[in-house]
Amino acid sequence: MNDVDHADPRELQSLQLYLNEYRQQAEIFTQQLSLLEEGRMEAHAAIEALQEAKESPEGTVLLQIGGGASVRARILDPDHVLMNIGSDVIVEKSNAGAVDYLKDRITEMEASARKVAETLDRIRGQMNEIGRRIEMLYQQVQIPAGPRMPPVPAKHTEEE
């Protein structure tokens, strides 16, 4: 009897644990992709706002204050932008410098998103492999070795 003829319950349990771990990892990477996409969209919105502020003759822009509410605001000095560059470090940049910085950040986020998506694809591939192996082991348990036919009921005649 070889290992294909017999499904080891420990192997099934181990494969199920691996599958659960991969599911958790996939969820984490999916959340990372979502955060990267959110950051990318925010950076695009900031670029658009900075460009509008510079091009607006009176320096009036729509300022989102949260909760879906916006106000018209006048920017007194649209060429000087305060940027949070991480770890709560704030630097002053020109409008064009801030736009360039945000574009670079978008490029970095897109590269990170591609790497995360590739990792997520690999994890999903491994999950599929494990799922196929589990299915195969379950089929081995359910299909007995050798063909067996169910008994055919005998016909009863009225003479009996």
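Biologist: How do α1 and α2 run, roughly parallel or roughly antiparallel to each other?
Modeller: This is a predicted model, in which local features need pLDDT of at least 70 and side-chain atom pairs count only at pLDDT 80 or more, while totals for chains, interfaces and linings use all residues. Residues are numbered from 1 along each chain as its sequence is written, and side-chain values use heavy atoms, without hydrogens and water. The axes (lines fitted to C-alpha atoms, for helices over the stretch in contact, with angles from 0 to 180 degrees between N-to-C directions) of helix α1, residues 9–55, and helix α2, residues 95–142, cross at roughly 160°. Angles over 145 degrees count as roughly antiparallel, and therefore α1 and α2 are roughly antiparallel.

Biologist: How many residues in the contact of α1 with α2 are nonpolar?
Modeller: The axes of α1 and α2 come within 8 Å. Their contact has eight charged residues (Asp, Glu, Lys and Arg) and 11 polar ones, and the nonpolar residues (Ala, Val, Leu, Ile, Met, Phe, Trp, Tyr, Cys and Pro) number 28.

Biologist: Which residue in the turn between β1 and β2 has a positive phi?
Modeller: Strands are DSSP runs of E of at least two residues, and helices are runs of H or I of at least four. Strand β1, residues 60–66, is joined by six bridges to the antiparallel strand β2, residues 69–74, where two strands pair if DSSP finds at least two bridges. The two strands form a hairpin with two residues between them, and the turn residue with a positive phi, about 65°, is Gly67.

Biologist: Which element gives the largest share of the lining of the largest pocket?
Modeller: A pocket is an open set of points on a 1 Å grid where a 1.4 Å probe fits, with protein on both sides within 12 Å along at least five of seven lines, and lining residues have an atom within 4 Å of a point. By class, 14 of its lining residues are nonpolar, two polar and three charged. The largest share, seven residues, comes from α1.

Biologist: What is the volume of the second largest pocket?
Modeller: Its lining includes Gly39, Tyr101 and Met109, and α1, β3 and α2 each supply at least two residues. The space in the second largest pocket is about 200 Å³.

Definitions and conventions. Parallel < 35°, antiparallel > 145°, perpendicular 65-115°, else oblique. Points joined across faces, edges and corners; volume = space filled by probe spheres on them.
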